[in-house]
Amino acid sequence: MRQRARYTCVVDVMVLLHRDDGRVLLLRRAGDVYAAGLLAPPGGHLEDGETLADGALREVAEEVGVSVDPADLEFCHLIHHRSPEGQARVGVVFTAQRWSGEPRNLEPEKCSTLVWADPAHPPADCVPCTAAVLGRFVSGALLSTHGWDGEPGGAA
């Protein structure tokens, strides 16, 4: 019997900064980046040696300049998705309802604007995976898939 190769994939971390009015912060991606022009939450890929929480806290600080106390960071969703190019990724999504500082664009070469959006009615111009995450976040589901064969964004 042929042994299968060990499965590997990129791990993404995302943070939904969640205001009292129910809106979450999204960033309009810009420049020479994946999904330029579309909306996504603060986040990025986990770096070697980081914990999931450390990566999420780093990304939200780097991108929008806020500080979240680790005790205020809550896991809210896990999504196993495929990029449009077919790359498998695991997205770990956190939410925070408290943070220090006012969100601002610290990476203008990667982001053109910040948008507070209703997660129950995501803007039509969200990254497809972001729209899937927001829908699941609102429903309270902890696990989803996106972009696999037979799913939106997946291979036919």
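What is the volume of the largest pocket? The answer is about 860 Å³. A pocket is an open set of points on a 1 Å grid over the protein atoms alone, where a 1.4 Å probe fits, with protein on both sides within 12 Å along at least five of seven lines. Its volume is the space filled by probe spheres set on the points, which are joined across faces, edges and corners.

This is a predicted model: local features need pLDDT of at least 70, side-chain atom pairs need 80 or more, and totals for chains, interfaces and linings use all residues. Residues are numbered from 1 along each chain as its sequence is written, and side-chain values use heavy atoms, without hydrogens or water.

Helix H1 (52-64) gives the most, with four residues. Helices (H or I, at least four residues) and strands (E, at least two) are DSSP runs, numbered from the N terminus.

Arg-89 leads us to Asp-12. Their side chains make a polar contact at 2.7 Å. That term means a pair of N or O atoms within 3.5 Å, one able to donate a hydrogen and the other to accept it; residues adjacent in sequence count only if both atoms are side-chain atoms. Asp-12 sits in strand S1 (residues 10-17). Its relative accessible area is 9%, so Asp-12 is buried (under 20%, with a 1.4 Å probe and protein chains only).

Notes. Buried means under 20% relative accessible area, exposed over 50%, partly exposed in between (1.4 Å probe, protein chains only). On a 1 Å grid over the protein atoms alone, a cavity is a set of points where a 1.4 Å probe fits but cannot get out, and a pocket is an open set with protein on both sides within 12 Å along at least five of seven lines; lining residues have an atom within 4 Å of a point.
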